[in-house]
There are 4 protein chains.
Amino acid sequence: MNLDLRDYSVRTDLAVESKEMAETAYGGPVPGLNEQIDEHDGIKITRLDVTNEAASRQIGKMVGHYITIEVPGLRSQDSDLQEKVSAAFAKEFGLFLNKIGVHENAKVLIVGLGNWNVTPDALGPLVVENALVTRHYFELAPDQVSPGYREVSAIAPGVLGITGIESSEVVQGIVERTKPDLIIAIDALASRSLERVNTTIQIADIGIHPGSGIGNKRRGLTKEILGVPCIAIGVPTVCYASTIVNNVFDLMKTHFDQESDEGQPGQTKQILGLLTELSEGERLGLVKEVLEPLGHDLIVTPKEIDEFIEDIANVIASGLNLALHEAVNPDNVATYTH
Amino acid sequence: MNLDLRDYSVRTDLAVESKEMAETAYGGPVPGLNEQIDEHDGIKITRLDVTNEAASRQIGKMVGHYITIEVPGLRSQDSDLQEKVSAAFAKEFGLFLNKIGVHENAKVLIVGLGNWNVTPDALGPLVVENALVTRHYFELAPDQVSPGYREVSAIAPGVLGITGIESSEVVQGIVERTKPDLIIAIDALASRSLERVNTTIQIADIGIHPGSGIGNKRRGLTKEILGVPCIAIGVPTVCYASTIVNNVFDLMKTHFDQESDEGQPGQTKQILGLLTELSEGERLGLVKEVLEPLGHDLIVTPKEIDEFIEDIANVIASGLNLALHEAVNPDNVATYTH
Amino acid sequence: MNLDLRDYSVRTDLAVESKEMAETAYGGPVPGLNEQIDEHDGIKITRLDVTNEAASRQIGKMVGHYITIEVPGLRSQDSDLQEKVSAAFAKEFGLFLNKIGVHENAKVLIVGLGNWNVTPDALGPLVVENALVTRHYFELAPDQVSPGYREVSAIAPGVLGITGIESSEVVQGIVERTKPDLIIAIDALASRSLERVNTTIQIADIGIHPGSGIGNKRRGLTKEILGVPCIAIGVPTVCYASTIVNNVFDLMKTHFDQESDEGQPGQTKQILGLLTELSEGERLGLVKEVLEPLGHDLIVTPKEIDEFIEDIANVIASGLNLALHEAVNPDNVATYTH
Amino acid sequence: MNLDLRDYSVRTDLAVESKEMAETAYGGPVPGLNEQIDEHDGIKITRLDVTNEAASRQIGKMVGHYITIEVPGLRSQDSDLQEKVSAAFAKEFGLFLNKIGVHENAKVLIVGLGNWNVTPDALGPLVVENALVTRHYFELAPDQVSPGYREVSAIAPGVLGITGIESSEVVQGIVERTKPDLIIAIDALASRSLERVNTTIQIADIGIHPGSGIGNKRRGLTKEILGVPCIAIGVPTVCYASTIVNNVFDLMKTHFDQESDEGQPGQTKQILGLLTELSEGERLGLVKEVLEPLGHDLIVTPKEIDEFIEDIANVIASGLNLALHEAVNPDNVATYTH
């Protein structure tokens, strides 16, 4: 039999997903990856360093530092948990700034990528609305700014279909004029698995690259382009119908493999047929082959996206306000967001 | 081998989907169903009558008249097509009113079910906002109402979580006080297949039943409860992750069966394994068995839902305004919606 | 000289404004009015009882109990102050319920009057969205409701122009079906003076009367109509251009009178001319005579209305949640609003 | 008697208001101003040229060309009238571009100033959302752009309080990168008279200057700063409480002066006292003296601002789309706005 499949690379913006896939393909730990995992209070933090080019090629992610904060409970709209995640994010982000050598008074420009009219793509603009900006005080009367505040500005550059200008170009223009020391870019991502949608935050010092995120960017936001380092903060808010299907295949395979181990050998193959022998990329190719001609490989988002996106934007904005300004603390952080 | 599966009934709010499934199970046309199909300009209209109790049991839908308007192109946000669909909806809805014996001056109460804070559930309230209401003119100065207008009122009763009151009770209270002759209830539905999401409108003279639509209703809106007939207008705006997966299995099965017919017999079974031998309900049970314990059987909606829901609410409101008021015509219909 | 003026009655929904005007006209305290004032932390609370029909006629307000909470600082968007006002509102509202004999387990229906599409009229619907409703839990499983919660439901009945139904009729229908013991109706009001816009909350046990509030109601929400008592909570969010002008005349008169007392007798008359000799009603008549033919007697609202209305809706919803449910306290109240 | 008043200059962003005031002060036509007025269909168009520095100083407006479109009926929300105004705006704007020498293929950047969270300040961002942008097509595949389209981009730079960056700096950065030939900046203005709020559109080739508009700009958008010409389009959407009062004094003065002419000489002075002898600036000073210490000189906007602002943004966006792209005409213009 002859399944003539295109082998789709399963695109994901999350380094932890790339690593998982690479390890499956590689059959074990990939050299050059350092990983450290902390888990407490329902919050799992993975610190992954891609230390060299070989590892980078292997997992298809750039050399750099990646932090992933996974909180399955975030979907339950529990405001106590959200506060805890903000605090954890802030602590982790502060450590991250130290680690990558960002000094204490570095001037920050927060960039909220995405489209405020498309709910699952509105994460960036929503974070911008809730970020504590101070640059204008520093510009107008620098000696009157209370201690404990850092110089922060923020912009939502809009999307190509509304502005006719690449967000990268808008940001470049602003960077040239306002001379920040660091860019923090927030973007909504597409996930490989439905379970990570709205439950995962990734922080990485690699900037934003063409094709990442929900929107179709043709130019990136990187140190090469901007002249200053760019930290990307991303949250998966959508996934493709095809990846859902693919993801379920995986879950079924695991499920039946487990049962096989418990005394029903061969069952997985019997039930799932040749599908079990395909690589993930081949299987995805198969699903896309069926869905795309019908125009049904939709990008989908959970029904409750309106509330999810507000919650997680608030978590990130609060976390950034805590991390960037010493004067902001858990007792007063709520007064800075809307 | 022993797959011990719960046999899920595949719930759908769409009669055409129920009929399809029943025919697959039954192995041919179901007696007691009359169907007539028109197709033109990319708009497919299916008029399905469930004429007796036997047929009703067979397809799991009440005895009554069902119209389904399918327009795959609706997702492309083409305003010309939207106008055509409004006109087709209006024409079909007018014929439907005649067919079920609603007289020309019947007073209408439009009920917009759903939650305006949850985009894919906001269809009903959005239609209410754009419906042309006239009852207050009839109440205040009936002799001054221009000819060509019918007495129409409209209400969005809210959802249980916000009001603490079943929408059915709110509507009953209003019906008792305002004595309309006919209820038209608009509701967002869950679809069995992703392709029908935001592309299909169903009109039926059976009212709204507990458990239908996106929200969880415990009481219905039916002639028995309200004392006046209730026409339900529904649009699928979401579907379960599990139904997407199930739907893709079907598409794959069809795909490989076709190839088999073209010279590769047995291939479907080889590729898809035992999955091919399961009934749709069993397969869905299997998918749910894998997804639910992980909390991943999310209800999803297309990423572009904000724009879709506005467009289709506008199509329906325009269609109702055209159908209910003689004085509204294609030239002035746009001035009545926002 | 002969100024032939219509003597406008200066309409206000606020009892404290009516009392002020009556006292000016009467030349001293009006018999039958009991007033007690508390002031602390920038919050002024006036408890005014209109004890008999004579007093009622004199001030043009019904016999009943009126509480006015005035907080000039509310416009400064200080979240600490907002919390204090919520707490003060809750305490005062609790005392008010006792005073008018509402028992502890009285079932409450909160009615949010107004139009969510017109920002200054959206107060009622916004309070409904943030009220803690529990009736559905009492209906479904009364024995499983935790102690400390009262049975509360809430509805935003919409406005005549959108529904074609008087909000009074919608509420009557719902009251008949759901049998609450008490109605709490929230409404945006028109103020006589700009300074009270968005800074004043009035609570009164007289219900809602035709013509009150921003919207034009033809029927009221009163004990006579509904069969159960109705407490009205109102906040002025708009005023007429003409009342602003009139209000400024007053301020100027007071200003120059003060200077006169300080040694420049007769100055007021000299500067402001005959305007000083007109009654407030005559002066308003004059202003309207000039503005109305030009269509310029607009109803206006502060530029910052979007934020004001959200803040004050939150204050009232939090206050109601605190007052109606023993289980809600200052530590957890924020988790119940959005 | 001695009224010690600050003489306020009555600030207005509208050249026609400046001219009126200057003529009152000057006692006749101001040399160096050319004015031409057209009026038809309820649309009054005033073309005012400030031709030299002397005239400029006299009216406090820069040398340049000003077009004012006044449509009192715009407040009545008549969609036919709105279409007519769009068409008139487009025609006038086209002539204006010719007059000031903008060539046919000039690349345009539309700048929507203001804050989308503050309804009366959201005009600019709303126009940006509805403008037809094409620059990305010209960038990606210039030879595939259909004839009849011009290269247009659009940006809403946000406000200082949210971004920490002057909108002027944001625009400068973008201009330097994208090299447009012409800027069109849209801004919400403050009016001197309530009657012009939401009824008047001003077009001027003088750019945006610090302090103009609702927001407080410290830097402008002018040819000097940007290197390319900047046309400003403004609509008054708010006015100060004090200017309303002042405006009514004027109306009253005119009113009584008319009656005086009809046989009651001296009446104005008798009724309005010394107020009649003050200059407009002195009177405004007096009103502010009374209102400001109380914090009551609020900036107000009509109650119906939500709908007004959407309507007029749509009028301007449609007008720009018609004027800038030959391929857009009255039959298809509606499909380009939302």
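This is a predicted model: local features need pLDDT of at least 70, side-chain atom pairs count only at pLDDT 80 or more; totals for chains, interfaces and linings use all residues.
**Stop 1: strand β3 of chain D**

Select residues 64-70 of chain D, which make up strand β3. Six of the seven residues in this strand are buried, so β3(D) is mostly covered. To see one pairing, pick Thr46(D) and look for Thr68(D), its bridge partner in β3(D).

Next, bring in strand β7 of chain D, residues 200-204. β7(D) also pairs with β3(D), in the antiparallel sense, over five bridges. Here, select Tyr66(D) and find Ala204(D), its bridge partner in β7(D). In a regular strand, side chains alternate between the two faces of the sheet.

**Stop 2: Gln202 of chain D**

Stay on β7(D) and select Gln202(D), which is found in this strand. Is Gln202(D) buried or exposed? Its relative accessibility is 7%, so Gln202(D) counts as buried, the cut-off being under 20%.

Show the side chain and look for polar atoms of the backbone around it. The backbone oxygen of Asp13(D) lies 3.0 Å from a polar atom of the Gln202(D) side chain. The backbone nitrogen of Ala15(D) lies 2.8 Å from a polar atom of that side chain. Leaving aside neighbours within four places in sequence, the residues in contact with Gln202(D) include Leu14(D), Tyr66(D), Ile67(D), Thr68(D) and Ile233(D). Tyr66(D) and Thr68(D), among these contacts, are the residues picked at the previous stop for their bridge partners, Ala204(D) and Thr46(D).

**Stop 3: Arg196 of chain A**

The tour now turns to charged side chains. Side chains of opposite charge can pair when their charged atoms come close. Over all chains, the count comes to 49 salt bridges.

Select Arg196(A) and Glu17(A), whose side chains meet in a salt bridge with an N to O distance of 2.9 Å. Glu17(A) lies in helix α1 of chain A and Arg196(A) in the loop between β6 and β7, so the pair ties together parts that are 179 residues apart in sequence. With a relative accessibility of 0%, Glu17(A) counts as buried. Arg196(A) counts as buried as well, at 7%.

Glu70(A) sits in strand β3 of chain A, 126 residues from Arg196(A), and the pair links distant parts of the chain. Glu70(A) counts as buried too, at 13% relative accessibility.

**Stop 4: between chains B and C**

Select Arg177(C) and Glu176(B). They form a salt bridge, with the closest N and O atoms 3.0 Å apart. Which parts of the two chains does this pair connect? It crosses from helix α7 of chain C, where Arg177(C) lies, to helix α7 of chain B, where Glu176(B) lies. Arg177(C) counts as partly exposed, at 27% relative accessibility. Glu176(B) is partly exposed, with a relative accessible area of 37%.

Finally, select Glu169(B) and Arg219(B), together with Arg135(C), Glu139(C) and Glu151(C). These residues of chains B and C are linked in a network of salt bridges.

Definitions and conventions
Residues are numbered from 1 along each chain as its sequence is written. Chains are lettered from A and ligands numbered from 1 in the order in which they are written. Side-chain values use heavy atoms; hydrogens and water are left out. Helices (H or I, at least four residues) and strands (E, at least two) are DSSP runs, numbered from the N terminus. Buried means under 20% relative accessible area, exposed over 50%, partly exposed in between (1.4 Å probe, protein chains only). A polar contact is a pair of N or O atoms within 3.5 Å; within protein, one must be able to donate a hydrogen and the other to accept it, and residues adjacent in sequence count only if both atoms are side-chain atoms. Contact means heavy atoms within 4.5 Å. A salt bridge is a side-chain nitrogen of Lys or Arg within 4 Å of a carboxyl oxygen of Asp or Glu. Two strands pair if DSSP finds at least two bridges between them.
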